[in-house]
Amino acid sequence: MHTTHHQSDLNPEEQKQEREEMRSVVLRPLRHTGTIGKIWIGFLVVVFLFGCYAYTVQLREGLKVTALRDYASWGLYISNFVFFVAISLVGALISSVLRLTNFEWHRPLTRIAEIIAVSGILFAGLIIVVDMGRPDRILYLFNHGRIQSPIVWDVIVVSTYLVTSVLFLYFPLLPAIALCRDTLTDCPKWQRWMYKFMAMGWEGNKRQWKIMKRSVAILSVLVIPLAISIHTVTAWLFATTLRPGWDSTNFGPYFVAGAFQAGTACVIIGMFVFRKAYNLKKYITEVHFNNMGKLLVFLCVVYAYFNVNEYLIPAYKMRGAEAKLLNDLFTGPTSPIYWSVQFFGMAIPAVVLLFRRARKPLPITIIALFVVVGAWFKRYLIVTPILLHPYLPIQNAPLSWTMYFPSWVEMAIVGASLAGVLLIITVFSKFFPIISIWETLEGEGIDLEEMDNRKK
Amino acid sequence: MENENNNKDRRNFLKLGIFTTATVAAVGTGLSKVFSENNPPQASGKKVKVMTADGKLVEVDSAHLKCCSSPPVSNEEARKGIEGKKFVMVIDLAKCDGCATCTVSCQKMHHTPPEREWIKVFKMQDSEKTAPYFFPKPCYHCDNPPCTKVCPVNATFKRQDGIVLIDNTRCIGCRFCMAACPYSTRFFNWDKPEESAEVASMPYSPEQSFPRKMGTVEKCDFCPHMLREGKLPDCVANCAMNAIYMGDANEDAVTSSSGETVQLSKLLEDNAGFRYMEELGTEPRVYYLPPKNRRYPKPEMHNEKQSEKKGHDMMNMKM
């Protein structure tokens, strides 16, 4: 893949200096973890472990410990699954779509996007196991699997996307791992061994660079259809049923559009936190926030378009069974969540971000937080209210069956999964540079491949 | 040299693979221990000779013998269904007075918990001005079943005799079938089933749905274990109003609790029989006869609306 970046004005010596400076800035968080960082990691570990404990309770007592019952048989776990799949799509958007369309500014953001993708899809896979009544029979999916079932499609695409995303994270990381191997010589022995193992003998020769860049180019094309299929198949888990509210031909693109919007907001938050915590102002600049802001406006508008198709067009008709659901969402008990999500998570961000001042790092991060929280609740709205509005009325059922409010076990486990995603991202950033040195410098016209081979 | 390195890498990779597999297997065994409900009884030391289904004489420990009136058919047989049959049910809404004897007798036969109604009697009113009526709803055993389509492991399946069953030794508890069923017909064993020791020790067959297993789905099964013996399911046999008919579409005959057997096609034709929500295309095997000329009090819809409203208020508070 030929890149169209401009040539640097710097002479070779200055280029080398630039490289050394970036290396030292980017490696600093790997050498040192501050008090806040330690507290943060400790907090995530505690939340995660508490969720693991909650899961042991669920394994022992059964799913009875959740608030799930025969009507609302899918709840927080499944909505969280959809949310994780959604945010994992951003890896493909930032590292691949922007790359292939030559938006040069994506360069320092690829790794943040990719680690969000990897941890998101990993926990999507885990949380779906948590929802299973019989996790001990998980292997039946392989030895008794039916290819006709959308769940089996999901198993196939999610695992493929996980592997692809890991490779997509790993290959461009090779020069950085080799750098860690060569420079972080005072770290613990196991860590040195890890760098040595993971660098796979990278020494930056021409052949290695060529193989790596080609692999990345191939992956960046492959990952787009994969990303679209994971979320389309996830949408089909619902759209292949006859339930009013899920029985929609719009569901695939609706999910994909929402996923790009939510994931982009996640990357903005990641950018802000890493920029601040790891002092990366020189590389993640206001230009990046500005551009991500524009991208988010575009994605909010696209998502709004699908929402109009998904809610307002059925509302125009108010067809029998669907009308019950729509009335609940628009004016019923669920309406506060519905309207908050639509306004704070989509409409208002789209309008506010039109103003340049809102695209400054702090305001846009706050807006992105609203988008992410909105996106999470939106997944809940897509899953559970539909189950509580079946064709046949809910009659003579215990009160607990007619509504859904998650139990402490569900909240603890979902909290743990969110903490787990953040923990992977944090720990990753403590062992590997969170921005790609060669990709970023290449954007400035400094070719590390050339420099690596010049010195020999 | 390079070759050797490659080999070493491959060996390491294989080692990693073996390690991972071993871990997964260990975790799996641990989990299955957590989930195993039926521990085999202690051996008594006393041996008895028995004949197996395929005609072999074997010696087993007497403690391992279980007493049961009709041994369930093999899993394979239960998945195939009864040859030459196409079971069908007809529910006459004009006769149903909502007494829910069908529900109660079904619960008794299948040892279900009280709130789990495989056949549930709804009070229905299609619109404000139209007449209310009672509406018993079993599983429709659809010919185009949305539930079996989505099952990832073939735990729920359609048999040649038209019956849709669940194998709770296969079910992984994903509940996709529950989401897919438009009639809310499926139920989940959210916790360890509360069953008497007698029920818990019975041999399991998908044809009879118990003993139950935690984390698996269940539903109305059309009582194939009764049908095999030429008996009516309990919901049909105990209906005091003669409102439910069960029979074989191939024979074009259905029978109600009074023992009266009528011609299916004539019954449907004379009474303008219909299927619930035909527009969904699920092709139910349960037909209804319209609720006209009823000779019992119509259902009181007022109470139901009250309770529904109450439910919603509660929901509002919690949100």
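Buried means under 20% relative accessible area, exposed over 50%, and partly exposed in between (1.4 Å probe, protein chains only). T264(A), with a relative accessible area of 0%, is therefore buried.

## About this model

This is a predicted model, in which local features need pLDDT of at least 70 and side-chain atom pairs count only at pLDDT 80 or more, while totals for chains, interfaces and linings use all residues. Residues are numbered from 1 along each chain as its sequence is written, chains are lettered from A and ligands numbered from 1 in the order in which they are written, and side-chain values use heavy atoms, with hydrogens and water left out.

## Chain A as a whole

Let's start with the overall picture. Chain A has 18 helices and 0 strands; these are DSSP runs numbered from the N terminus, with helices being H or I of at least four residues and strands being E of at least two. Of its 456 residues, 61% are buried.

Contact here means heavy atoms within 4.5 Å. Among the contacts in chain A with a separation of 6 or more, 82% join residues 24 or more positions apart. The accessible surface of the chain is about 18900 Å², and carbon and sulfur atoms hold 68% of that; such areas come from the Shrake-Rupley method with a 1.4 Å probe, and for residues only the protein chains shown count as cover.

A nonpolar core is a set of buried Ala, Val, Leu, Ile, Met, Phe, Trp, Tyr and Cys residues joined through side-chain atoms within 4.5 Å. The largest one has 174 residues, and W74(A), I94(A), Y161(A), Y195(A), F238(A), V267(A) and M292(A) have the most contacts inside it. Helix α11 of chain A (residues 251–277) supplies the largest share of this core, 16 residues. Another core lies apart from it, with 44 residues that include L242(A), I163(B), C220(B) and L280(B).

Beyond its neighbours within four places in sequence, V267(A) is in contact with V90(A), I94(A), I112(A), A113(A), I116(A) and M292(A). T264(A) also belongs to helix α11.

## Two buried arginines in loops

R107(A) sits in the loop between α4 (90–100) and α5 (110–131) of chain A, and it counts as buried because its relative accessibility is 5%. Its side chain makes a polar contact with the side chain of E104(A) at 2.6 Å. A polar contact is a pair of N or O atoms within 3.5 Å; within protein, one must be able to donate a hydrogen and the other to accept it, and residues adjacent in sequence count only if both atoms are side-chain atoms.

R146(A) lies in the loop between α6 (140–143) and α7 (150–170) of chain A. At 15% relative accessibility, R146(A) is buried too. Among the residues it touches, leaving out those up to four places away in sequence, are T148(B), K149(B) and P152(B). A polar atom of its side chain is 3.0 Å from the backbone oxygen of T148(B).

## A nonpolar patch on the surface

W339(A), F343(A), F344(A), I348(A), V352(A), L362(A), I366(A) and F370(A) form a nonpolar surface patch, with about 730 Å² of accessible area together. Patches use residues with over 30% relative accessible area and no salt bridge, joining like charges within 9 Å and nonpolar side chains (Val, Leu, Ile, Met, Phe, Trp, Tyr) within 5 Å; a salt bridge is a side-chain nitrogen of Lys or Arg within 4 Å of a carboxyl oxygen of Asp or Glu. Helix α14(A) gives the most to the patch, 5 residues. F343(A) is found in α14 of chain A and is partly exposed, at 42% relative accessible area.
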